[in-house]
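Please have a look at the sequence and the structure first.

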Amino acid sequence: MELIRKLSDVEASFASMHALLKGNTQVTTWISVDAALGEAALGEAVRRWAHRLPLLRARIAERDGSLWFAAGPGPGPEQLRHGPMPGGRSPEDLLGEELNDVLPTGAALWRLRAATDAQAGVTHLYFTRNHAISDGHSTGGTLRVLLEELFGAPAHAAPEPFSRNADELTYAAPAPGAERLPALPDAPAAGIPFAVRAPWEERGTAFVPVDLPAAGSEAVKLYCRRRGLTVNQFFATALAESFALTTGRDEVEFFTAVSLRRRYAEEESLADLGCFISVARATLRLGGGSFKDHAEAYRDGFRAADAAWRPQARPHHEIRASVAAAAAAGSAPGICITNVGPVDASLGAHAGRVTGFRTVVNRTGANYGLVLHLSTFRGAFGLALSYGTPSVDPAVAEGTAKLLRERIARAAGAASGEEPRPRRPYGSVTIPAVQDLRPLPAAAGRAPAARGTAPRTRPGAAG
């Protein structure tokens, strides 16, 4: 195969973890569209889609110990699955199945499954890919092109450029004034021991939806504006508090996914394709103060960690060694939030035909104990709390989701602008069995890769 370019540190980390940890960080995005798509029409649209986006034709090949993107053929028959919506199954059920059906290493880097509900006039599309080719931003742009090919492509449907290698760009640190922020703690918080250390081939992932309607989402935004919080600060703090109460902790190592697309000095913008993300890692101490106290602590810790982060460009054999170390670990370093922001604009002119959206990443228990995936679609927040099975005790995920929902509900209902009543001390709450929060399905698991922070931020996994 013709080599295109070497994988960046971020991309090689994801690719190595996918290969060595049976699919850890594999990503699946579900969108439903208001049309009963036939197999022939969909297949032709997918062929044009891959023609316009060269990264969808790429493979990953190893040469002299390094990983490279190489030119591959167009979509093969195994990359498109089409059939009726299975009886008695929900779109979320199929999302769990696709998330746990691992893409073979060395083969195609993505697949698309279509499940048509002819009676409802809806088709559910599941786009599953190796994380090395896609981040939250590029996923929206990639699906926008598919919608254009399905429902009317623009006249200028020429192939788009292949993504750049970020290791070759000049990084420009963000957050002016960050030098005035408190220094990062010297020692990280204690890790999160796995409930079960199963062989990798027996691991899977599950997720608990925690969604809000548009009205509730607007109420949470109002709550944030009144207190000078961003949406990300609110949900990160709510996640940290909920997890701490569930597990009896008073501090947690918290990871925040960060887009790197506007972090380079070069004038040209990065293509809509590709993977350009990292994580900022900071210890969040929860001393029983108010929600705003904890939100401000998260804000300051995140800004300091983000300002301290620098890209890595490690030899790929070092990346493989770090992934192997993660595979042998008996605990996760912390919890994570990732936010792709408003989805509507990224889906383009045909976003009105999309009736449902969710992205979840496979977490088999290597880099994070829990991950909160956040997006905004048609004004409503969509959240999913994902975790590895059997690595993470489902009671921890269910208890965290229950308290997270309660925290969101309190914020949405706080019309007076007052803080909720003081909470009980951390570690004093017993989480009862939760009947209505069943995690969505965990099959034999896997997932792709993660990204380490720079030495100034302490090494950690990203994605």
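Predicted model: local features only at pLDDT ≥ 70, side-chain atom pairs only at ≥ 80, totals over all residues.

Residues are numbered from 1 along each chain as its sequence is written, and side-chain values use heavy atoms, with hydrogens and water left out.

Let me begin with helix 6, residues 231-247, whose 17 residues reach 24 Å from first C-alpha to last, close to the 24 Å expected at 1.5 Å a residue, the expected span being 1.5 Å times one less than the number of residues. Of those 17 residues, 15 are buried (under 20% relative accessible area, with a 1.4 Å probe and protein chains only), so helix 6 is largely enclosed by the rest of the structure. Just after helix 6, G248 takes a positive phi of about 75°.

The axes of helix 6 and helix 7, residues 291-308, come within 9 Å and cross at roughly 110°, which makes helix 6 roughly perpendicular to helix 7, a term for angles of 65 to 115 degrees. Their contact, meaning heavy atoms within 4.5 Å, includes F234 and E241 of helix 6 and Y298 and R303 of helix 7.

Turning to the other pair, the axes of helix 1, residues 9-20, and helix 8, residues 316-328, come within 9 Å and cross at roughly 45°. Helix 1 meets helix 8 through residues including M17 and L20 on the one side and I319 and V323 on the other.

Conventions
Axes fitted to C-alpha atoms, helices over the stretch in contact; angles between N-to-C directions. Helix = DSSP H or I, 4+ residues; strand = E, 2+ residues; numbered from the N terminus. Buried < 20%, exposed > 50% of the residue type's maximum accessible area, 1.4 Å probe, protein only. Parallel < 35°, antiparallel > 145°, perpendicular 65-115°, else oblique.
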